Number of protein chains: 2
Amino acid sequence: MKKYKGYLIDLDGTMYRGEEKIEEASDFVKALQEKGIPYLFVTNNSTRRPEQVADKLMSMDIPATPEQVFTTSQAAANFIAERKADASVYMIGEEGLEAALQEKGFTMNDVDPDFVITGLDREITYEKLAKACLAVRKGATFLSTNADIALPTERGLMPGNGSLTSVVAVSTTVQPTFIGKPEPIIIEQALKIIGTSKEETLMVGDYYDTDILAGLRAGLDTLMVHTGVTTPEKLREYGEQPTYAIHSLTEWMDKI
Amino acid sequence: MKKYKGYLIDLDGTMYRGEEKIEEASDFVKALQEKGIPYLFVTNNSTRRPEQVADKLMSMDIPATPEQVFTTSQAAANFIAERKADASVYMIGEEGLEAALQEKGFTMNDVDPDFVITGLDREITYEKLAKACLAVRKGATFLSTNADIALPTERGLMPGNGSLTSVVAVSTTVQPTFIGKPEPIIIEQALKIIGTSKEETLMVGDYYDTDILAGLRAGLDTLMVHTGVTTPEKLREYGEQPTYAIHSLTEWMDKI
């Protein structure tokens, strides 16, 4: 059995379920830490800053520093910076996206920005959407942190960023570049951060349509863990299978 | 030349452009009135009540009573009433839709309604969208007043109801039934109100994708007037052509 030198790890459904712990996640990450194997949490959640994500993981006894968290907001900010270091940006989003853009020193511009980026914003308004539409029609490059259509909560499946992004996409007939999983963009950036090659890095996640597909597209081996969205029955319906599929991270402890 | 016994007439681009008069519209409608030919204004604007629309027309010297205005909100309310007279409804929308639903006496229910209907709402919030998504996922029949992707304003093309509706459609993966033009639903209801048969009724409008297509789909003869969206050059790109196309309603005065 191949031993991996780096791990990219999904959060919701893999490390926890909403506010509920997944018990074996703590031991799994501690084992990586003890063996000195680098790991990076890779999340489509654009709304929180890495510090906040690390705090949540630590509160669940999962070893995590802010530097070990990589959000789709950070990936989006990197994507923009690689194209135009002094870009002007109009964003729809919450604290996590705002912080990631501020860290790059971009100018905020709600009239004729170089880039429009949409992330989940639970304070969405018609005016915010209108500004995004007008800017995209003027030629701004249109990005979206992620295409997730729904957000699991205790109330049920709430609108995800992919559905909010569709307002601008449908109204302008311009399709955005999505940054988050299952796009390979976020994974390619994550590899640069973790510093291991794609051949020696394993992508771990619970959701085929985002985590596993992102790994497959970026050329990584993938470990599906059935503690979240994709059930074993559902997994059989997909053509390309993950490299490994397990019911719980406990099963992987002797492979680390 | 065939003489028509009833006229269905579009508003924006045909009777006026935003707040700007189209000069010949007044004489056109006055000629219909003088000859005793019934006419009905048919609009995809769900936000205003018929009284408000008639007031605007009257202010532009176009003879109009509230009874001569038929909005997509009224068509949606009729559509629901035909299916369930005592329906419970959750709506996203403005004054026009609210008034049309209230007139039918439907119960408002934001948890488990029979129908969810989305109309243009410039006070849209995440919570409103979330309630619509949750209700559609619970099995509510999903309707939308119209699929217009953009709303022409002095600021530019703002998000139209079709783009707002897409949040719920994308998030739930349930497609709504659209009521407004180019769907034949609104035209079929308009014919019942005006009381003329489809063979003797003319659909008049400026926009191929809504007005003309609605007329074609409902089996009416159509008169395209190039005072709004669709230019003569653009019209040539379409396969099925309107019955007549003119540059201004002045050209039609001797056909009434």
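## The interface between the chains

In this predicted model, 30 residues of chain B are in contact with 30 residues of chain A. The size of an interface is often given as the accessible area lost when the parts come together. Between chain B and chain A the buried area is about 2400 Å², and carbon and sulfur atoms give 67% of that area. On the polar side, the rule finds 2 salt bridges across the interface of chain B and chain A, as well as 7 residue pairs in polar contact, with both residues at pLDDT 80 or more. Helix 5 (126-137), strand 10 (150-153), strand 11 (156-159) and helix 6 (161-172) of chain B are the elements that give two or more residues to the side of chain B that touches chain A. Helix 5 of chain B provides the largest share of that side, with 8 residues. A salt bridge is formed by B:Glu127 and A:Arg155, whose closest N and O atoms are 3.0 Å apart.

## Symmetry of the pair

Chain B is superposed on chain A by a rotation of 180° with 0.0 Å of shift along the axis, at an RMSD of 0.0 Å. This is the relation of a two-fold axis. Of the interface residues of chain B, 100% are also interface residues in chain A, so the copies meet through the same surface.

## The sheet of six strands

Chain A contains an open sheet of 6 strands in the order 5-4-1-13-14-15, with parallel pairing. Its edge strands are strand 5 (69-71) and strand 15 (244-246) of chain A, each of which pairs on one side only. From one strand to the next, the twist averages 20°. Within this order, strand 1 (residues 6-9) and strand 4 (residues 39-43) of chain A pair in the parallel sense over 3 bridges, and A:Leu8 stands opposite A:Leu40 in strand 4 of chain A.

Helix 7 (residues 184-194) of chain A lies across strand 1, strand 4, strand 5 and strand 13 (201-205) of chain A, and runs at about 155° to strand 4 of chain A.

## The sheet of five strands

Another open sheet of chain A is formed by 5 strands in the order 7-6-8-9-12, and its pairing is parallel. Strand 7 (107-108) and strand 12 (177-178) of chain A stand at its edges with a single partner strand each, so one side of each is left without a neighbour in the sheet. The partner of strand 12 of chain A is shown by 2 bridges that join this strand to strand 9 (residues 141-144) of chain A, the two running parallel; in strand 12 of chain A, A:Phe178 is the bridge partner of A:Ser144.

Helix 3 (residues 72-83) of chain A lies across strand 6 (88-92), strand 8 (115-118), strand 9 and strand 12 of chain A, at about 170° to strand 8 of chain A. Helix 4 (residues 95-103) of chain A lies across strand 6, strand 7 and strand 8 of chain A, and runs at about 170° to strand 6 of chain A.

## A hairpin

Strand 10 (residues 150-153) and strand 11 (residues 156-159) of chain A pair in the antiparallel sense over 4 bridges, and together they form a hairpin with 2 residues between them. In this pairing A:Leu151 stands opposite A:Met158 in strand 11 of chain A.

## Salt bridges and loop details

Over all chains the structure holds 39 salt bridges. One of them joins A:Glu94 and A:Arg122, with the closest N and O atoms 2.8 Å apart. A:Glu94 lies in the loop between strand 6 and helix 4 of chain A, and A:Arg122 in the loop between strand 8 and helix 5 (126-137) of chain A, so the pair ties together parts that are 28 residues apart in sequence.

Where in the backbone does a cis peptide bond join a lysine to a proline? In chain A this bond joins A:Lys181 and A:Pro182, with omega about 10°, and A:Pro182 is found in the loop between strand 12 and helix 7 of chain A. In chain B the peptide bond from B:Lys181 to B:Pro182 is cis, with omega near 10°, and B:Pro182 is found in the loop between strand 12 (177-178) and helix 7 (184-194) of chain B. A:Thr173, a residue other than glycine, has a positive phi near 60°; its place is in the loop between helix 6 (161-172) and strand 12 of chain A.

Note on methods: Residues are numbered from 1 along each chain as its sequence is written. Chains are lettered from A and ligands numbered from 1 in the order in which they are written. This is a predicted model: local features need pLDDT of at least 70, side-chain atom pairs count only at pLDDT 80 or more; totals for chains, interfaces and linings use all residues. Side-chain values use heavy atoms; hydrogens and water are left out. Copies are superposed by least squares on the C-alpha atoms of residues with pLDDT of at least 70 in both. Contact means heavy atoms within 4.5 Å. Two strands pair if DSSP finds at least two bridges between them. Axes are lines fitted to C-alpha atoms, for helices over the stretch in contact, and angles run from 0 to 180 degrees between N-to-C directions. Buried area is the accessible area (1.4 Å probe) that two parts lose on being put together, summed over both. A salt bridge is a side-chain nitrogen of Lys or Arg within 4 Å of a carboxyl oxygen of Asp or Glu. A polar contact is a pair of N or O atoms within 3.5 Å; within protein, one must be able to donate a hydrogen and the other to accept it, and residues adjacent in sequence count only if both atoms are side-chain atoms.
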